[in-house]
Amino acid sequence: MAIDIHKKKPILANNVGGLSGPAVKPVAVRMVYEVASVVKVPVIGMGGISSGEDAVEFMLAGASAVMVGTANFINPAACVDVMEGIKSYLEMYNHSSVYEIIGKLELN
Ligand SMILES: Cc1cc2nc3c(=O)[nH]c(=O)nc-3n(C[C@H](O)[C@H](O)[C@H](O)COP(=O)(O)O)c2cc1C
């Protein structure tokens, strides 16, 4: 929520809004990690993904797939960039499939 202090009214037409984009990513990665650790169904990661590296973080945390929202407003090719980024990461570490990185986070 944001308030116009001179009009004494909310700035957003809907009065309140949601938080998305890079600011929510660390929280979202943790949520995916915690949920994926205890369920046997596929988890889809979302929240602040704008690059292949972001998507890989979610996959290492346990996401079987990812979604891209806010980044599309900044870069209409965001999804293509994310897909190419995932491919580059897999090639860099000689992985033949995303299945080789899903849930493969090694805790400190
Ligand atoms: C314009 C916009 C509309 C959204 N509409 C919905 C919605 O209808 N239902 C829903 O569950 N989440 C909705 N979300 C939240 C997204 O699904 C997502 O959880 C959130 O934006 C975080 O991902 P992001 O950082 O990739 O955008 C919306 C987000 C945006 C930016």
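A residue is called buried under 20% relative accessible area, exposed over 50%, and partly exposed in between (1.4 Å probe, protein chains only). By that scale Lys-87 is exposed, at 52%. This is a predicted model, in which local features need pLDDT of at least 70 and side-chain atom pairs count only at pLDDT 80 or more, while totals for chains, interfaces and linings use all residues. Residues are numbered from 1 along each chain as its sequence is written, and side-chain values use heavy atoms, with hydrogens and water left out.

**Nonpolar core**

- The largest nonpolar core has 18 residues; such a core is a set of buried Ala, Val, Leu, Ile, Met, Phe, Trp, Tyr and Cys residues joined through side-chain atoms within 4.5 Å.
- Two or more residues of this core come from each of helix H1 (25-36), helix H2 (52-60) and helix H4 (78-92).
- Helices (H or I, at least four residues) and strands (E, at least two) are DSSP runs, numbered from the N terminus.
- Val-32, Ile-49, Phe-58, Val-68 and Val-82 have the most contacts inside the core, a contact being heavy atoms within 4.5 Å.
- Leaving aside residues up to four places away in sequence, Val-32 touches Val-43, Gly-45, Phe-58, Ala-61, Gly-62 and Ala-63.
- In soluble globular proteins, nonpolar side chains tend to be buried together.

**Helix H2**

- The buried residues of H2 are Gly-52, Asp-54, Ala-55, Val-56, Phe-58 and Met-59.
- Their cover includes H1, strand S3 (44-45), strand S4 (65-66) and H4.
- Gly-62, with a positive phi near 125°, follows H2.

- The whole structure holds four salt bridges, each a side-chain nitrogen of Lys or Arg within 4 Å of a carboxyl oxygen of Asp or Glu.
- Glu-57 and Lys-25 form one of them, at 2.6 Å from N to O. This pair links distant parts of the chain, with Glu-57 in helix H2 and Lys-25 in helix H1, 32 residues apart.
- Glu-57 is partly exposed at 36% relative accessibility, whereas Lys-25 is buried at 14%.
- A network of salt bridges links Lys-25, Asp-54 and Glu-57.
- Asp-54, in helix H2, is buried at 11% relative accessibility.
- The side chains of Asp-54 and Lys-25 are joined by a polar contact of 3.0 Å. A polar contact is a pair of N or O atoms within 3.5 Å; within protein, one must be able to donate a hydrogen and the other to accept it, and residues adjacent in sequence count only if both atoms are side-chain atoms.

**Salt bridges within a helix**

- Arg-30 and Glu-34 form a salt bridge, with their closest N and O atoms 2.8 Å apart. They are four residues apart in helix H1, about one helical turn.
- Arg-30 is exposed at 52%, and Glu-34 is partly exposed at 35%.
- Glu-91 and Lys-87 form a salt bridge in which the closest N and O atoms are 3.6 Å apart. Both lie in helix H4, four residues apart.
- Glu-91 is partly exposed, at 49%.

**Surface patch**

- Met-1, Ile-3, Ile-5 and Val-16 form a nonpolar surface patch with about 460 Å² of accessible area together.
- Patches are made of residues with over 30% relative accessible area and no salt bridge; like charges are joined within 9 Å, nonpolar side chains (Val, Leu, Ile, Met, Phe, Trp, Tyr) within 5 Å. Accessible areas come from the Shrake-Rupley method with a 1.4 Å probe; for residues, only the protein chains shown count as cover.
- Ile-3 lies in strand S1 (residues 3-4) and is exposed, at 51%.
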